[in-house]
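Me: Hi! Could you walk me through this structure in plain words?
Reply: Happy to, let's look at it together.

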Amino acid sequence: MHSFHLFLRIRTPPATAAIKDTQCGFKLFSRPTLPHIIPYMHSEGWIFDVEMLMLAESAGIPVAEVRVGWKEGKGSKLKMFWDSVGRAWGLAILRVAWAIGVYRRR
């Protein structure tokens with residue numbers, strides 16, 4: 001996970017890179033912000049959280065991390081090696097897509 005966070009800090013824009021836990025399972029957006037994020041999403045799987053944060057940043061939507069109570073269910077669904085490889089690959093694809101203009105505003 002530490003490797004992923006380092007890679008994330010290097011490969012994402014500043015506000016997204018400053019988020020301590022991009023993979024937290026809880027995201028909350030106001031209704032007026034959704035048209036600036038949802039129509040532009042392309043990623044599936046583990047990396048969609050980062051994509052949402054990058055889209056919010058590019059639209060000038062302020063993002064804040066807020067501590068919430070969370071109770072983890074038994075049994076992890078995470079496969080450490082393969083999910084780490086998948087996240088790194090997803091982040092690389094996301095960054096390339098960003099660089100070539102896939103996320104340009106309509």
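This is a predicted model: local features need pLDDT of at least 70, side-chain atom pairs count only at pLDDT 80 or more; totals for chains, interfaces and linings use all residues.

Me: Let's start with Thr12. Where is the place of Thr12?
Reply: Thr12 sits in the loop between helix 1 (2–11) and helix 2. Helices here are DSSP runs of H or I with at least four residues, numbered from the N terminus. Residues are numbered from 1 along each chain as its sequence is written, and side-chain values use heavy atoms, with hydrogens and water left out.

Me: Got it. Does Thr12 count as buried or exposed?
Reply: Thr12 counts as buried, because its relative accessibility is 8%. Buried means under 20% relative accessible area, exposed means over 50%, and partly exposed is in between (1.4 Å probe, protein chains only).

Me: What does the side chain of Thr12 reach?
Reply: It reaches the backbone nitrogen of Ala17, at 3.4 Å.

Me: And which residues does Thr12 touch, not counting those up to four places away in sequence?
Reply: Thr12 touches Ala17, Val50, Met54 and Leu91. Contact means heavy atoms within 4.5 Å.

Me: What comes just after helix 3?
Reply: Gly60 does, and this residue takes a positive phi of about 75°.

Me: How do the axes of helix 3 and helix 4 cross?
Reply: Helix 4 covers residues 80–100, and the two axes come within 11 Å and cross at roughly 25°. That makes helix 3 roughly parallel to helix 4. Axes are lines fitted to C-alpha atoms, for helices over the stretch in contact, and angles run from 0 to 180 degrees between N-to-C directions. Angles under 35 degrees count as roughly parallel, over 145 as roughly antiparallel, 65 to 115 as roughly perpendicular and the rest as oblique.

Me: Which residues meet there?
Reply: From helix 3 there are Val50, Glu51, Met54, Leu55 and Ser58, and they meet Leu91, Leu94 and Trp98 in helix 4. The residues of this contact divide into 6 nonpolar, 1 polar and 1 charged. Ala, Val, Leu, Ile, Met, Phe, Trp, Tyr, Cys and Pro count as nonpolar, Asp, Glu, Lys and Arg as charged, and the others, Gly among them, as polar.

Me: Now Ile47. Where does Ile47 lie?
Reply: Ile47 is in the loop between helix 2 (14–17) and helix 3 (48–58). With 5% relative accessibility, Ile47 counts as buried. Leaving aside neighbours within four places in sequence, Ile47 is in contact with Phe4, Arg87, Gly90, Leu91 and Leu94.

Me: Phe4 is in that list. Where does Phe4 lie?
Reply: Phe4 lies in helix 1, and at 8% relative accessibility it counts as buried. The C-alpha atoms of Phe4 and Arg87 are separated by 7.6 Å, although these residues are 83 residues apart along the chain. Beyond four places in sequence, Phe4 is in contact with several residues, including Thr22, Ile47 and Arg87.

Me: What about Thr22, buried or exposed?
Reply: Thr22 counts as buried, at 0% relative accessibility. This residue lies in the loop between helix 2 and helix 3.

Me: Last one: how does Val68 count?
Reply: Val68 counts as partly exposed, at 39% relative accessibility. Val68 lies in the loop between helix 3 and helix 4.

Notes. Helices (H or I, at least four residues) and strands (E, at least two) are DSSP runs, numbered from the N terminus. A polar contact is a pair of N or O atoms within 3.5 Å; within protein, one must be able to donate a hydrogen and the other to accept it, and residues adjacent in sequence count only if both atoms are side-chain atoms.
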